[in-house]
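This report covers strand pairing and the contacts of aromatic rings. The sequence and model come first.

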Amino acid sequence: MLGAPGAGKGTQAALLAERIGMPHVSSGDLFRDNIKRDTDLGKKAKKFMDQGALVPDDVTIAMISDRLAKPDAADGVILDGFPRTRAQAEALDKMLAKKGGAVAAALYIDVERDELIKRLSGRWVCSQQADHVYHEIAKPPKKAGVCDVDGAPLVQRDDDKPQTVAARLEKQLPPMFEVVDYYADRGVLNTVEGDKPMEAVTIALLHCVATAVPRPNGDTKTTAASNGRTAATPPAERLARSGGR
Ligand code: AP5
């Protein structure tokens with residue numbers, strides 16, 4: 001699952017995970033869990049996350065590699081927020097190839113900058129379960145400040161402060177577009193218009209997943225529909241639409 005900060009990756013990955021019965025693996029949630037538990041990994045990651053920067057590749061790749069080695073990941077996962085750089089994408093291919101697998105579909109949720117900022121500034125998340133995500137306007141909880149699912153208090157993320165949001169967009173979009181191009185080159189990119197209501201985005205993503213076939217190691221072909229819109233758009237234009245430089 002690829003997309004700018006606030007594009008809806010976490011929201012959609014949680015829905016897809018439930019619908020298709022695969023674990024939802026979010027690199028951001030894994031980092032936040034480590035920060036909460038005050039682990040060495042959490043301490044390392046926090047410095048970068050507070051500045052809106054990407055956590056270094058070696059730290060991130062090791063964390064995801066450990067997670068994918070867990071038994072529940074043996075039949076596949078929905079990856080949310082990883083890979084985020086070309087080096088991470090190459091490392092993922094190597095990790096999966098060792099198990100005879102490959103990326104079946106790269107799902108890119110495309111959202112314009114103004115909408116991203118509205119989404120991040122209105123987001124509230126459950127303090128107990130990170131993938132219970134709400135929005136003041138688009139998805140308000142039944143009772144203000146309380147998670148519908150488990151009754152835990154809702155909180156705002158530290159990195160949703162306006163200055164950190166600006167830094168996240170500026171620093172993280174250029175490497176993300178390299179990853180989008182990486183998967184376009186391999187014929188597995190699916191671009192979904194993310195400015196639509198949540199349910200419409202879910203339906204479009206489910207269609208992409210349903211038409212993607214698991215591929216044996218090394219085969220880069222897929223039946224998943226890739227409209228190529230992202231790959232065909234010049235990099236400068238894409239960055240301008242999403243607020244990058
Ligand atoms: P991470 O947690 O992955 O943050 P992110 O990529 O910036 O994405 P977000 O979680 O902010 O947004 P989202 O796309 O999941 O949107 P959401 O569904 O919540 O990473 C955090 C940090 O960790 C990074 O900044 C980096 O430092 C580090 N990191 C993580 N992965 C890394 C990696 N691979 N390498 C290096 N560093 C890494 O939706 C947002 C809001 O919009 C919600 O309120 C939601 O309710 C609402 N919404 C969703 N869809 C819609 C819709 N269709 N219409 C209206 N509202 C909607």
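Two strands count as paired if DSSP finds at least two bridges between them. The model is predicted.

**Sheet**

Strands β1, β4 and β8 form an open sheet of 3 strands in the order β1-β4-β8, with parallel pairing. At its edges lie β1 (2-3) and β8 (189-193), each of which pairs on one side only. Between β4 (residues 106-110) and β8 there are 5 bridges in the parallel sense. Asp110 is placed opposite Glu193 in β8.

**Aromatic pairs**

The whole structure holds 2 aromatic pairs. They are listed below.

| Pair | Geometry | Centre to centre | Angle between planes |
|---|---|---|---|
| Tyr108 and Phe177 | edge-to-face | 6.4 Å | 80° |
| Tyr182 and Tyr183 | edge-to-face | 5.2 Å | 90° |

Tyr108 belongs to strand β4 and Phe177 to helix α7 (residues 162-185); the pair links distant parts of the chain, 69 residues apart. The cut-off for a buried residue is under 20% relative accessible area. Tyr108 counts as buried because its relative accessibility is 2%, and Phe177 counts as buried because its value is 4%. Tyr182 is buried at 3% relative accessibility, and Tyr183 is buried at 3%.

**Charges over rings**

Which residue lies over the face of Tyr182? Arg186 does, at 3.6 Å from the ring centre. Tyr182 also forms the edge-to-face pair with Tyr183. Elsewhere, Lys139 has its charged end over the ring of Tyr134, 5.3 Å from the ring's centre.

Terms used
Residues numbered from 1 in each chain as written. Predicted model: local features only at pLDDT ≥ 70, side-chain atom pairs only at ≥ 80, totals over all residues. Heavy atoms only, no water. Helix = DSSP H or I, 4+ residues; strand = E, 2+ residues; numbered from the N terminus. Phe/Tyr/Trp six-rings, centres within 6.5 Å; stacked < 30°, edge-to-face > 60°. Buried < 20%, exposed > 50% of the residue type's maximum accessible area, 1.4 Å probe, protein only. Lys NZ or Arg CZ within 6 Å of the ring centre and 35° of its normal.
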